[in-house]
There are 4 protein chains.
Amino acid sequence: MSGSSFGKIFRITTWGESHGPGIGVVIDGCPAGLALASEQIQEFLDRRRPGQSRYTTKRNETDSVEILSGIFEGKTTGTPISLLVRNQDQRSRDYGNIAELFRPGHADYPFTEKYGIRDYRGGGRSSGRETIGRVAAGAVASLLLKELGISVRAYTKAIGPYSIDEADYHYSEIKENSLYMPNNSVAEQAGEYISSLMAQRDSCGGVIECIADGLPVGLGEPVFDKLDALLAQAVMSVGAVKGVEIGDGFAAAQSSGSRNNDPFFSEEGRICKKSNHAGGTLGGMSDGSRLILRAAVKPTSSIARTQQTVSVYGENTEITVLGRHDPVIVPRAVVVVESMTAITLADLLLQNMTAKMEHLKKIY
Amino acid sequence: MSGSSFGKIFRITTWGESHGPGIGVVIDGCPAGLALASEQIQEFLDRRRPGQSRYTTKRNETDSVEILSGIFEGKTTGTPISLLVRNQDQRSRDYGNIAELFRPGHADYPFTEKYGIRDYRGGGRSSGRETIGRVAAGAVASLLLKELGISVRAYTKAIGPYSIDEADYHYSEIKENSLYMPNNSVAEQAGEYISSLMAQRDSCGGVIECIADGLPVGLGEPVFDKLDALLAQAVMSVGAVKGVEIGDGFAAAQSSGSRNNDPFFSEEGRICKKSNHAGGTLGGMSDGSRLILRAAVKPTSSIARTQQTVSVYGENTEITVLGRHDPVIVPRAVVVVESMTAITLADLLLQNMTAKMEHLKKIY
Amino acid sequence: MSGSSFGKIFRITTWGESHGPGIGVVIDGCPAGLALASEQIQEFLDRRRPGQSRYTTKRNETDSVEILSGIFEGKTTGTPISLLVRNQDQRSRDYGNIAELFRPGHADYPFTEKYGIRDYRGGGRSSGRETIGRVAAGAVASLLLKELGISVRAYTKAIGPYSIDEADYHYSEIKENSLYMPNNSVAEQAGEYISSLMAQRDSCGGVIECIADGLPVGLGEPVFDKLDALLAQAVMSVGAVKGVEIGDGFAAAQSSGSRNNDPFFSEEGRICKKSNHAGGTLGGMSDGSRLILRAAVKPTSSIARTQQTVSVYGENTEITVLGRHDPVIVPRAVVVVESMTAITLADLLLQNMTAKMEHLKKIY
Amino acid sequence: MSGSSFGKIFRITTWGESHGPGIGVVIDGCPAGLALASEQIQEFLDRRRPGQSRYTTKRNETDSVEILSGIFEGKTTGTPISLLVRNQDQRSRDYGNIAELFRPGHADYPFTEKYGIRDYRGGGRSSGRETIGRVAAGAVASLLLKELGISVRAYTKAIGPYSIDEADYHYSEIKENSLYMPNNSVAEQAGEYISSLMAQRDSCGGVIECIADGLPVGLGEPVFDKLDALLAQAVMSVGAVKGVEIGDGFAAAQSSGSRNNDPFFSEEGRICKKSNHAGGTLGGMSDGSRLILRAAVKPTSSIARTQQTVSVYGENTEITVLGRHDPVIVPRAVVVVESMTAITLADLLLQNMTAKMEHLKKIY
């Protein structure tokens with residue numbers, strides 16, 4: 001129970017360290033009969049793969065996935081799906097010089113205190129490579145959702161101060177720029193901003209937005225396992241995320257009830273909302289409108305500047321974090337946020353099947 | 001598994017509807033030997049009790065707690081602690097007129113879709129009274145934490161646009177104003193703002209901040225059960241919360257690595273941080289500094305203005321939500337956020353006991 | 001997580017001590033739309049109630065159940081069902097004399113070591129009254145199963161050496177004798193046997209058998225949550241149970257493959273088995289034939305004879321357990337075993353709904 | 001949640017099919033700082049490896065384990081331990097002829113009904129090879145227990161009718177015969193019995209006994225997660241097991257309270273029992289004496305005789321199960337039962353750390 005599992009029915013368990021033999025995930029509880037090929041998982045992994053643009057680490061990993069179980073003749077069998085990605089470019093020598101120092105902004109210090117031992121090579125379990133398991137599982141969850149007409153998409157809303165208003169979104173441009181922003185010209189400005197920070201051996205953060213369409217009404221379990229609550233856990237559990245909001249989020253705190261409530265109306269037999277300040281959830285359940293969440297991503301902690309720190313022996317000293325690091329992790333984290341959202345939705349979709357006797361009678 | 005349990009070792013299960021016989025919670029996994037009296041739980045419940053100021057619902061409930069199990073001769077026995085609060089002032093007639101309408105901003109519509117049946121009296125399970133179980137359990141968790149030198153405090157940081165900067169905090173003033181703000185003069189302005197909204201049959205929201213001191217280093221489980229991730233679930237699961245952030249939160253997304261990283265230093269054998277942009281967590285584990293989280297609370301959905309909506313039969317219509325409602329729920333939600341934080345910390349404190357062989361050898 | 005919950009989707013949490021204010025259970029995850037009245041639960045509780053025959057404790061308890069939540073207008077709402085039974089006849093003075101002694105065959109000694117504190121009044125949490133919560137939940141599970149055409153029945157197969165062969169079963173006689181045996185004349189002999197043991201201040205045990213009919217094929221999750229494995233946990237968790245077997249059980253260990261395998265045949269489009277040595281499970285899943293399990297119940301530990309023991313101070317001494325005790329608990333445990341079986345089946349029935357995409361497409 | 005995980009804190013998740021790329025397990029929650037080398041895991045796997053005697057399948061597998069994560073410089077790090085065993089000798093052509101038939105005694109029929117798809121090659125997930133993950137995890141659990149002075153040992157008590165009384169046990173002989181019996185001469189008779197069955201293309205079963213010494217008092221959680229209840233689940237979840245008993249088990253049902261109760265006595269400050277009919281548990285918790293459990297193993301279902309069965313198309317037909325099968329699986333299942341016992345104990349040992357405030361104060 002050291003926290004490596006997520007989900008109740010569609011339940012994933014990830015494992016692996018940055019510089020060990022590999023990284024992987026076991027998905028238990030995926031329904032049988034879902035068509036699944038390794039290429040479909042690879043496509044997701046390629047979206048988070050390093051070395052794709054000038055804004056990402058130069059570490060060279062193909063991150064090829066191998067399906068070890070759970071698939072027979074191209075379909076899921078209902079048994080656990082085990083996925084493996086071997087680590088290849090493990091230059092652990094890069095980390096030798098920081099084995100005895102606690103990097104500011106990193107997990108090094110509390111990890112050492114908690115476990116009394118630490119795999120100092122590249123962050124070990126706390127490395128960004130840990131997200132490979134999430135993304136591989138996210139691919140499977142996304143395919144399951146797609147079968148039921150549900151789509152999930154994430155993109156970069158902001159890089160540092162360069163933020164795009166919803167009015168200026170061009171979804172088609174997301175894949176046209178290496179920052180995955182829905183506006184190419186803002187993306188260009190943001191790119192220059194990143195370059196200027198790189199020149200100063202500094203880094204930046206940003207905001208990722210994720211939307212889901214096609215959800216049935218009623219996903220999410222009242223009280224503790226609300227749709228928004230589980231999404232908050234899912235997304236906040238991604239390494240550098242420091243904040244999560246649904247719909248208007250923090251802005252709602254400054255609104256009034258009369259403005260913030262979304263009025264209902266009925267049209268052609270369907271119940272709709274005139275606005276969507278709520279971001280698609282009411283009482284912790286999906287309300288049939290678009291789900292909208294945002295995650296605040298902090299600036300990359302690994303910077304090549306000299307910083308003040310403490311050694312594992314408790315001595316005051318300085319550190320310069322070398323190695324290959326992203327000046328901003330937002331673009332690569334986009335698919336991670338999308339994956340965590342898909343996994344959460346797939347799990348709640350399965351949980352919701354048992355909500356009423358009417359459902360049981362359709363099956364038994 | 002309809003989502004009424006939270007925590008893994010210190011595990012709470014809440015139950016009860018707004019207008020049923022009562023509300024309660026079962027705490028399973030509280031260690032034996034903790035001194036616990038019903039007065040200590042009552043003290044917490046009194047902080048969320050309605051009818052205490054002009055800004056809270058006029059519903060009259062004493063919310064007296066009865067301990068049904070788990071205590072013997074003033075101490076916890078290690079067996080489940082069952083706590084019961086009877087509902088008293090159940091004017092369900094107030095809700096008769098809205099039994100057939102979906103209130104905007106409420107759970108009514110998705111609840112009905114999900115379950116095919118709805119206890120329309122006061123929101124049923126989705127009522128704010130559901131938090132009674134959380135607060136009763138939070139009292140127990142807080143006492144456990146206190147035994148180990150850990151304190152948790154929440155307060156109102158902002159009401160609508162009236163927000164207090166950390167520089168202007170006077171913690172001693174929190175108990176001096178009915179909004180639980182750490183600055184009496186801002187509280188006064190906020191009070192006038194609320195009054196003006198009440199006059200317009202409108203409502204507002206705000207921001208709750210919660211801090212915890214005295215935490216050991218290393219609480220939180222890497223990957224999915226990170227300290228910040230579980231806090232995000234815990235706090236986002238509270239009815240009207242639409243956003244959660246840790247430390248600098250969304251502001252961190254606009255910072256740079258060199259400013260956002262908190263440098264370590266060593267002093268008298270202790271490892272400390274020069275700043276606390278991280279809000280007390282690194283890599284999802286407590287880092288020994290103050291834990292800081294904030295929750296965005298939306299404006300009360302129940303407003304006495306006429307709103308557009310749809311009936312359970314799918315007809316377009318209008319609704320005026322009468323009954324007794326808070327113009328702002330922030331002050332009463334303060335103790336709920338504090339409780340959810342305490343419960344999360346108590347659970348992770350117990351989970352962390354099994355992190356290393358060194359701990360086992362101290363006990364066996 | 002002190003072990004008071006059972007089930008994953010249909011999840012029950014019991015609480016309460018023998019001599020505290022009451023005993024109860026919270027059922028989370030019962031589907032909405034199931035008709036449920038307190039009389040139906042009471043009927044189950046009456047089957048385990050003390051004071052019904054000369055073979056049961058004279059403790060006088062009406063064990064009336066109160067439904068505290070989860071029901072609206074006679075139907076489950078999908079929210080947690082909280083059930084409460086107040087303790088009434090709490091003569092804790094009977095236990096004063098054994099507060100400082102460890103009763104042989106009881107939980108007293110390990111409980112004290114584990115928790116450092118013990119509610120010595122009547123066994124506290126380890127009392128047979130703990131099963132009230134199981135039976136109340138079992139009533140709900142049984143009603144759910146009944147809606148889907150599944151019946152569960154338990155009865156006494158043996159009292160001490162008086163055992164009934166399947167060939168001699170008369171199911172209609174189960175309710176005709178106070179030992180719940182499917183053969184009145186064996187029941188009479190067994191009754192005399194119990195009387196002779198009572199005269200010697202001694203006690204006896206027996207075997208309970210439980211059968212379930214109408215199960216769909218495929219209940220049970222391969223590997224750890226097999227139908228038989230979860231039934232084994234469910235039934236072995238009942239206080240005095242020391243052994244569990246499915247189908248031929250221990251006798252199968254002496255059989256051969258050619259005799260023990262149940263041949264399949266097809267009849268009118270249904271797949272059936274010629275025999276049922278397996279007791280209704282194959283590979284941990286229900287196979288469509290009758291489910292059969294047996295539980296071995298040890299003799300009542302509380303006997304009025306003088307026994308050797310040790311005090312809480314570690315002194316060698318003697319004990320005579322007075323108070324009101326059953327000379328054999330088998331008849332009252334029948335409904336407990338039936339309840340645990342029903343709860344396990346209800347939970348696996350819900351889990352199985354998510355097994356294949358085909359099921360999802362029927363609902364979404 | 002398709003049932004591939006076991007344990008709450010020391011939690012294992014197994015995956016893999018008989019004829020897929022491999023089999024494995026992820027152990028989450030193993031404390032940091034435990035010395036662990038792949039040779040130690042291999043030693044356990046070698047005990048269940050096929051091809052070791054004339055009574056085991058001729059399938060040729062080296063079953064070499066690779067540690068993929070969780071170990072750094074020879075010690076566990078507190079992160080998930082991922083273990084992989086590649087399948088090598090996958091003659092799936094052997095199974096082609098039975099792809100369309102349901103083998104009696106096997107999971108084929110309910111598996112197909114449940115999932116609508118079945119990996120028919122060698123039983124797929126329901127193959128005995130699934131236990132590789134259990135045994136690899138069992139090795140880790142056993143090492144953890146050993147560090148705390150706890151030993152677990154299993155052996156063959158009976159093969160068909162050839163059973164050994166406790167009085168005739170010679171523990172040192174267990175490793176001297178290929179049936180793992182604690183009596184060489186009974187083992188010889190049993191061997192002849194197996195040979196005679198093989199000649200008749202038949203198979204047999206037997207009884208495995210497992211004992212654990214050195215347990216602290218108080219392991220096991222009252223009510224549903226009793227030590228005996230979780231052991232029952234753990235052991236009954238092993239493929240061919242049809243019954244589980246603790247201590248005197250089914251024999252206790254025929255005993256009397258005065259004979260079955262184990263009297264306590266105190267000696268040199270330790271509390272002991274004069275007898276151990278209970279098999280080391282009281283009230284579901286370890287009582288400090290030897291833990292004793294037995295598992296009934298059914299005869300191997302795969303026999304080379306012609307049996308009556310049904311095809312996947314529902315036609316009545318006959319089947320002859322060729323391929324390489326053990327005439328008795330008991331000897332190879334010994335280490336599986338030992339492993340499941342060790343895993344259960346390790347998990348309850350960790351759970352028990354949080355039982356009382358006294359323990360918390362030793363650590364925080």
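I take strands as DSSP runs of E with at least two residues and helices as runs of H or I with at least four, both numbered from the N terminus. The model is predicted, so I keep local features to pLDDT of at least 70 and side-chain atom pairs to pLDDT 80 or more, while totals for chains, interfaces and linings use all residues. Residues count from 1 along each chain as its sequence is written, chains are lettered from A and ligands numbered from 1 in written order, and side-chain values use heavy atoms, without hydrogens and water.

**Entry: Thr300(D)**

I looked up Thr300(D) first. It sits in the loop between strand E16 (291-297) and strand E17 (306-310) of chain D. Is Thr300(D) buried or exposed? Its relative accessibility is 10%, so I log Thr300(D) as buried. Buried here is under 20% relative accessible area, exposed is over 50%, and partly exposed lies in between (1.4 Å probe, protein chains only).

Next I checked what Thr300(D) touches, with contact meaning heavy atoms within 4.5 Å. Leaving out residues up to four places away in sequence, its partners include Ser203(D), Cys204(D), Asp326(D) and Pro327(D). Gly257(C), from another chain, is also one of them. The side chain of Thr300(D) comes to 3.4 Å from the backbone oxygen of Pro327(D).

**Entry: salt bridges**

I count a salt bridge when a side-chain nitrogen of Lys or Arg is within 4 Å of a carboxyl oxygen of Asp or Glu. How many are there over all chains? The count comes to 74 salt bridges.

I picked out a few. Arg134(B) bridges to Glu130(B), with 2.5 Å between the closest N and O atoms. Both residues, Arg134(B) and Glu130(B), are buried.

Lys361(B) forms a salt bridge with Glu147(D), closest N and O atoms 2.6 Å apart. Lys361(B) is in helix H8 (residues 357-363) of chain B and Glu147(D) in helix H3 (residues 131-147) of chain D, so this pair joins two chains. I find Lys361(B) partly exposed, at 44% relative accessible area. Glu147(D), at 42% relative accessibility, is partly exposed too.

Lys273(D) pairs with Asp287(D) in a salt bridge, the closest N and O atoms lying 2.4 Å apart. The pair links distant parts of the chain, 14 residues apart: Lys273(D) is in strand E13 (residues 270-273) of chain D, and Asp287(D) is in the loop between strand E15 (285-286) and E16 of chain D. Lys273(D) is buried, with a relative accessible area of 14%. Asp287(D) is buried at 3% relative accessibility.

In chain A I also noted a salt-bridge network linking Arg48(A), Asp63(A) and Arg129(A).

**Entry: five-strand sheet, chain A**

I treat two strands as paired if DSSP finds at least two bridges between them. Chain A has an open sheet of five strands, ordered E1-E2-E3-E7-E4, with antiparallel pairing. Which strands stand at the edges? They are strand E1 (5-6) and strand E4 (65-67) of chain A, and each pairs on one side only. Two bridges join E1(A) to strand E2 (residues 11-16) of chain A in antiparallel fashion. Phe6(A) faces Ile12(A) of E2(A) there.

Helix H1 (residues 38-48) of chain A lies across E4 and strand E7 (81-86) of chain A, at about 150 degrees to E4(A). For such angles, axes are lines fitted to C-alpha atoms, for helices over the stretch in contact, and the angle between N-to-C directions runs from 0 to 180 degrees.

**Entry: ten-strand sheet, chains A and B**

I then followed an open antiparallel sheet of ten strands, in the order E9(A)-E8(A)-E10(A)-E16(A)-E11(A)-E11(B)-E16(B)-E10(B)-E8(B)-E9(B). Its edges are strand E9 (162-163) of chain A and strand E9 (162-163) of chain B; each has a single partner strand, so one side of each lacks a neighbour in the sheet. Strand E10 (residues 206-213) and strand E16 (residues 291-297) of chain A pair antiparallel over seven bridges. Ala212(A) is opposite Leu291(A) in E16(A).

**Entry: copies**

Key. Polar contact = N/O pair within 3.5 Å; in protein donor to acceptor, adjacent residues only side chain to side chain.
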